Amino acid sequence: MTDTGEPEASRGIFTGNAFSKDASATRDDDRDHGAQGRTTIADGVVEKIAGTAAREVIGVHALGSGIARAFGSARERVPGAAKSVSRGVKVEVGETQTAIDLEIVVDYGVSIHDVAGAVREDVISAVEWMTGLETVEVDIAVSDVKLPDEPDEDQEEEPSPLR
């Protein structure tokens, strides 16, 4: 390989032994190894990958509807409970393909169209790279806009003083 000055990881997709710019080559190689065993990927795995990738996009404030975020926030206050990275994410996983539905809240002042496009691109990239599954669609529903003066639902509100 010629040295381009870029780290290996930025040049393409890791196939196990080397990086490849062709994602379909990875899937073709996996099919050849079918006689050696079968790999199944649970829906929850794809939900976590998609949720994490979506949250990393600038302009995404949260995932899930107001009700789901409120229940999730209350559930996370229980000692020992972990934050749910798959809230607002639903997937259908087949043998070689997956479809993803996301419900997001965007920050006020961002282009919803641009944020949705970036979310779609990042989710597809992360899911296909980590699982090898073809992502056939990523449907995005924007359920709310977070205004700058609104308190976060994850933050506890100050109790009002008694008069």
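Reply: First a term: buried means under 20% relative accessible area, exposed over 50%, and partly exposed in between, with a 1.4 Å probe and protein chains only. This is a predicted model, in which local features need pLDDT of at least 70 and side-chain atom pairs count only at pLDDT 80 or more, while totals for chains, interfaces and linings use all residues. Residues are numbered from 1 along each chain as its sequence is written, and side-chain values use heavy atoms, with hydrogens and water left out.

Me: Which residues of α4 are buried?
Reply: They are V115, A116, V119, V123, A126, V127 and T131, where a helix is a DSSP run of H or I with at least four residues, and a strand a run of E with at least two, numbered from the N terminus. Seen down the axis of α4, these fall within an arc of 110 degrees, taken from the directions from the helix axis to the C-beta atoms, so they line one face of the helix.

Me: And what do the buried residues of α4 pack against?
Reply: They pack against α2, β3, β5 and β6, contact meaning heavy atoms within 4.5 Å.

Me: What exposed residues are on the face turned away?
Reply: That face of α4 carries H113, D114 and E121.

Me: Switching to the largest nonpolar core, how many residues has it?
Reply: It has 23 residues, and those with the most contacts inside it are I100, L102, V119 and V123; such a core is a set of buried Ala, Val, Leu, Ile, Met, Phe, Trp, Tyr and Cys residues joined through side-chain atoms within 4.5 Å.

Me: Which element gives the most to this core?
Reply: α4 does, with six residues.
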